[in-house]
Structures are given as structure tokens and as C-alpha cells.
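Please open the structure in the viewer and keep the selection panel at hand.

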2 protein chains.
Amino acid sequence: MATQTVNHAQKLALVDKTFFDLPPAIADALEQAALTTSYPTGAVLFAEAQASRGVFIVRRGRVKLSICGSDGRTLILRIVNAGCPLGVAAVVSGRQYEATAETQEPSEISFLRHSDLLRLMRLHGELALWVTQHIAQDYAATCREIRDLILSDSASEKLARLLVGWLDQNTTSKYPTQVKLALTHEEIGQMIGSSRETVSRLLAGFKKQHLIQQSGSTLVIPDRLALESLITA
Amino acid sequence: MATQTVNHAQKLALVDKTFFDLPPAIADALEQAALTTSYPTGAVLFAEAQASRGVFIVRRGRVKLSICGSDGRTLILRIVNAGCPLGVAAVVSGRQYEATAETQEPSEISFLRHSDLLRLMRLHGELALWVTQHIAQDYAATCREIRDLILSDSASEKLARLLVGWLDQNTTSKYPTQVKLALTHEEIGQMIGSSRETVSRLLAGFKKQHLIQQSGSTLVIPDRLALESLITA
DNA sequence: AGCGATGTGTGATCCCCATCACCGGCCGGT
DNA sequence: ACCGGCCGGTGATGGGGATCACACATCGCT
């Protein structure tokens, strides 16, 4: 799956962006121990229930985190961007990975072996704290995920929630009412726990009510409040 | 809510049971900083979305961990027994509690303030590791919870899964095919994400199929395999 | 005993959404 | 251009479970 190793100059350029909240000395130590490689779309970094080999850190690209039931149905937990470490909880507790990580687009990913992470954590208390806080963050995100899936058996509510969630990630953009739709209806369905067909139907309904407009792969949400009124309905 | 402080002798008797996997020196330090109190049934230790004040450690009794949606529906994440720390993730990441903790029976609970935990973690690397692993454990448990809720929209499958899960906790007991039913149907419904009525109906159905028998508050599960065959159906 | 609160059993109804089926569009390959 | 895969729309159908509406049991309380 790994196709190409990036050179050292590229590595250094990425340092501050990824480990910006860590002291430089520790960031350097991580760089030394990590192996950064490029992956094509659809590469599986690790799979649910595999024994943990180490942590993966997204340097560039987007990675899909999902869990799947025995019947083959899939739930996408979230899609992470650059800067996010994956598999940390599994490594520090010596368990198996709890989810499957798969690249959504060509990505550069650093890998840090089990033993190297633990060694560095023992060496640098700051790193141990950083790891702990990241796990706590993942825990919180997972709890919120549960809330969103449970508190509404209505699919339209969950879809509306997902859309406004996307808007919230967009505060940096020049067009705060637009979202790039990088997911298929099938994948959207896997994010809100419903079928592809209902996603199609719901989006069609939203368009009919002028809650959203679609041109190509960009969604325009003219009236955010109207969408939000569907939530907690 | 706190009604009574236990005396020092009781404290010492509890030490090894709760912190058995920690070095004695650290366990002692935790004892020094912690405040142990008794709570009646139904006391709320902390509520979802509250700012975190510190961690709670169950010394005796059982505590219900739940999250609730804006419409008032409730999902019980799990019921924890003695020895389990609660609210750790919220404290180390300085966030709000992600769930609500409520005593299910009269319980003794130790409380350790935010600042004291962080201070002790900085002092003892072992403690920091202990905390991290507990959070990772909670994360894994939450992921499994999601799996169980998602992979089956069928309520009977989820109920069957819950029952065999209870059997698994019972390996210590003299009667490995029996479970003490300490929850109401309503609460069971909140554990598997369905209504009280369907739980009643499902249990009635199970009885009719001789998958379970009930005498008073004890459930007998004569044929565990038959129940398991409902899962992944 | 009497009474409220709480937990449980069960019927009737209804609606949301999964599922099946099919079609049309778009794109990439040879 | 032809085809084969993926993606997206949309109708028809059916079922599982939520919800409403009762009746009954149990228990603690004064």
C-alpha cells in the first residue's frame, strides 16, 4: 500500500504544522522515530480488531474512520484531516484497533511503532500528556457521535445535524455558507446510520424546501437557521 | 447529596481493592487527597455538559453512566461497579463531562479534585499511565457500544446481546446460568435503545421460546447458545 | 386497609425507513 | 463509440417498533 517515502526537506516543512502544540525537542524526536509514506486513495492503514502495531499521524490528506458490524453494515465515525493521530488509544492500552482507518484521497501518513511511542512517552512527560489528551478528545467525540445517533431516530434530523456540523468546520473559508461535498450518498448514509436511498430522498426534500442548493459538488446552505430548526424538532 | 463520611479504618480496608494495580505509594497519595462519602440511591455525581470538577472513584455500590438527547430520551452507556474511576477523560482534557453519573444503589464514592489529580499525575508517571489506560479502556468500551447499537437495528438482537453480556460478567458466581435482574424494563430499554414496551414484549417472547425463565428478580438462561443464535441472525 | 407511585403485560394503530426493483447519467478504460 | 462500474433518483411494498391506551400487580407509606 505504501508507495513512496517523502524526503527529509518535506518532513521538516510539516513539523510545526502537525506537532505545533508540542515542544520542538519532542517534535524532533517524533520525527526521528517516525516513518512517513504516501498512500493512494482507499488504502487501509489498519482494520478493526487487528492487533495494534503503532500509531498513524495524518500529515496530508483525509482519512475515514469507521466501524462495521458483523452483518457488513458500516458506520463512519468521522473523517480526519492533517494533524490527527490515529490508533493512539489502541497502542497505549495494548489492545486491538477499535476502528478501521482508510484513506479518502492520496495522503501522506507518518507511522510510529508501538515500542517507539511508549519509549518516547516514558522519556517525555509532555508527550504522555499530549497523548492522553488526544485520547480524551477521541472519547468525547465518540460520545457525541452516540448522542447524535441516538437522540434522533429521525433520519432527517441526523442529516440536518451533519450538514450544520460541516458548516461549523467551514469558518475559515471565504464562503461560510458553502460546503464541498466530498462524500457519496452511500457514505453520508453510513455517517448517519441510514440507507443510501433515504439520503437521496432527504436531500431531494431539502432542495424542494429550499433548505439547500446544489451546484456540482458544492452545497449551498442559504439559511442555516432553517436547517437547525429541523433539529430538536 | 453526600450524607456521611466513612472513617479512616474503612478507607484503608478499601485501598488494595480499588488501586490494586498501582504501587502502594501512589495509592496512599491518592487516599490522602481523596474525599470519600456515602450517597443514597439516585444521587447524581455529575451531569452531562457540566464543567468537570474532578474524578469520582466508586468504592462500593453501582453507578449508572448515561447520556441523553435533547428530546429527553436516555441511553445508558454502562453500569459500573466498585473500582472504576469516572470522569477521568473530562478532567485531563479540561472539558465538560460527556455523560451523567447516577448511583443505582447506596454507594461509597471517593472524589478527587481536578487540581489534585493533575498534580499527582505530574508527580507520579505511573499514575499518568494508569489514567491514560483507563481512558483508552473507556474509549474502547464506547466504540463497542456503538457497534452493538448499530450493527443490529433489530431490537431482539440487541437484547440477546445484552443478556449474554450479563452472563459473561457472571463467571465468578456459583450459578453461571443465572443473572440478578437489577434493572427495570425501562432501563433495559435505555440500554439497547428501544422502548419499555418492546422490552416487555421481547422478554415475553423469549420466555415463550424457553430461551429464558424468570423467578422473582433472577433470570435463568438454560441454553446460552440458543440466545447467541439470535445474534448475527 | 386504602392509596399513590412505580413497574409490568398487551392490544391497536400508524409511520418511518429499509429493501427491492429499475432507470438514467457520468466517467474511465480498451 | 461501445461497454461496464459506480453513482444518483424514484416508485412500491412491507415490517418493526414507537406510541397511545388501558388493566393489573406490587410495594411502601400514613
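The model is predicted: local features need pLDDT of at least 70, side-chain atom pairs count only at pLDDT 80 or more, and totals for chains, interfaces and linings use all residues. Residues are numbered from 1 along each chain as its sequence is written, chains are lettered from A and ligands numbered from 1 in the order in which they are written, and side-chain values use heavy atoms, with hydrogens and water left out.

**DNA strand C**

Next, display the residues around DNA strand C. There are 18 of them, and the closest are Ala155(A), Ser195(A), Thr198(A), Arg201(A) and His185(B). Sugar and phosphate make up 49% of the atoms of DNA strand C that come within 4 Å of the protein. By class, the surrounding residues comprise 2 nonpolar, 8 polar and 8 charged; Ala, Val, Leu, Ile, Met, Phe, Trp, Tyr, Cys and Pro count as nonpolar, Asp, Glu, Lys and Arg as charged, and the others, Gly among them, as polar.

- Ser195(A): a polar side-chain atom lies 2.9 Å from a phosphate oxygen of DNA strand C.
- Arg201(A): an N or O atom of the side chain is 2.9 Å from a base oxygen of DNA strand C.
- His185(B): a polar backbone atom is 2.7 Å from a phosphate oxygen of DNA strand C.

The elements that give two or more residues to this surface are α8 (196-208) of chain A and α8 (196-208) of chain B.

**DNA strand D**

Now select DNA strand D. Of the 18 residues around it, His185(A), Ala155(B), Ser195(B), Thr198(B) and Arg201(B) come nearest. Which element supplies the largest share of the surface near DNA strand D? That element is α8(A), with 6 residues.

Among the side chains to inspect, Ser195(B) places an N or O atom 2.7 Å from a phosphate oxygen of DNA strand D. For Thr198(B), the distance from a side-chain N or O atom to a phosphate oxygen is 3.0 Å.

**Thr103(B)**

Move to Thr103(B), in strand β8 (residues 100-103) of chain B. Is this residue buried or exposed? Thr103(B) is buried, with a relative accessible area of 1%; buried means under 20%, exposed over 50% and partly exposed in between (1.4 Å probe, protein chains only). Its side chain reaches the backbone oxygen of Pro40(B) at 2.7 Å. Not counting residues up to four places away in sequence, Thr103(B) touches several residues, including Tyr39(B), Leu45(B), Val63(B) and Ile109(B); contact means heavy atoms within 4.5 Å.

**Chain A as a whole**

Finally, select chain A, which holds 9 helices and 12 strands. Its C-alpha trace spans about 55 × 40 × 30 Å along the principal axes. Of its 233 residues, 50% count as buried.

Definitions and conventions
Near = heavy atom within 4 Å. Polar contact = N/O pair within 3.5 Å; in protein donor to acceptor, adjacent residues only side chain to side chain. Helix = DSSP H or I, 4+ residues; strand = E, 2+ residues; numbered from the N terminus.
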